Amino acid sequence: MKTILHKFVEFIPNNPEQDVLYISVEYRTAVHLCVCGCGNKVVTPLSPTDWELRFDGKTVSLSPSIGNWNFECKSHYFITQNKIRHARRWEDWEIEDGRQADAENKKKFFKKSNRKKKKND
């Protein structure tokens with residue numbers, strides 16, 4: 001199984017290396033080059049509505065899976081404990097359903113957050 005290294009950085013380099021996951025905690029972002037080798041830069045924002053990063057002191061995991069639907073390769077994979085596990089390629093209708101579900105989840109999250117803020121004001 002292919003592995004990816006991780007580097008905690010303040011700023012993401014302009015020319016990231018293949019097979020390195022750059023993590024900026026300060027800017028809540030992780031960036032790597034697509035693991036298929038196409039050279040596209042994959043940006044994964046770290047937030048309650050995007051990706052979650054887990055660091056166990058030795059390895060990192062990103063959740064949920066990474067689906068590069070806007071790239072020609074449409075690669076789909078998981079990064080779990082620095083290991084790359086390829087997932088099946090999604091059909092166009094699955095990608096669209098996933099995008100709609102993601103948009104709904106974000107809408108609900110921010111609506112809930114706004115209610116809590118108003119309640120505490």
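Trainee: Which elements each supply at least two residues of the lining of the largest pocket?

Mentor: They are strand 4 (41–45), strand 6 (60–67) and helix 1 (92–120); helix 1 gives the most, with five residues. Helices (H or I, at least four residues) and strands (E, at least two) are DSSP runs, numbered from the N terminus. This is a predicted model, in which local features need pLDDT of at least 70, side-chain atom pairs count only at pLDDT 80 or more, and totals for chains, interfaces and linings use all residues. Residues are numbered from 1 along each chain as its sequence is written, and side-chain values use heavy atoms, with hydrogens and water left out.

Trainee: What makes a space a pocket, and how much space lies in the largest pocket?

Mentor: On a 1 Å grid over the protein atoms alone, a pocket is an open set of points where a 1.4 Å probe fits, with protein on both sides within 12 Å along at least five of seven lines; lining residues have an atom within 4 Å of a point. The largest pocket holds about 660 Å³ of space. Its lining has 22 residues, of which W51, S65, G67, W69 and D102 are the closest to the centre.

Trainee: Why is the contact between D102 and K106 called a salt bridge?

Mentor: The term requires a side-chain nitrogen of Lys or Arg within 4 Å of a carboxyl oxygen of Asp or Glu. The closest N and O atoms of D102 and K106 are 3.7 Å apart, so the pair qualifies. Both residues lie in helix 1, four residues apart, about one turn of the helix. Salt bridges that share partners join D50, D102 and K106 into one network.

Trainee: Why is D102 called partly exposed, whereas V25 is called exposed?

Mentor: Buried means under 20% relative accessible area, exposed over 50%, and partly exposed in between (1.4 Å probe, protein chains only). D102, at 33%, therefore counts as partly exposed, while V25, at 56%, counts as exposed. V25 is found in the loop between strand 2 (20–24) and strand 3 (29–33).

Trainee: How do you know that D19 and K2 meet in a salt bridge?

Mentor: Their N to O distance is 3.2 Å, and the pair links distant parts of the chain, 17 residues apart: D19 lies in the loop between strand 1 (5–8) and strand 2, K2 in the segment before strand 1. D19, at 25% relative accessibility, counts as partly exposed, and so does K2 at 34%. The structure holds six salt bridges.

How values were computed:
Points joined across faces, edges and corners; volume = space filled by probe spheres on them.
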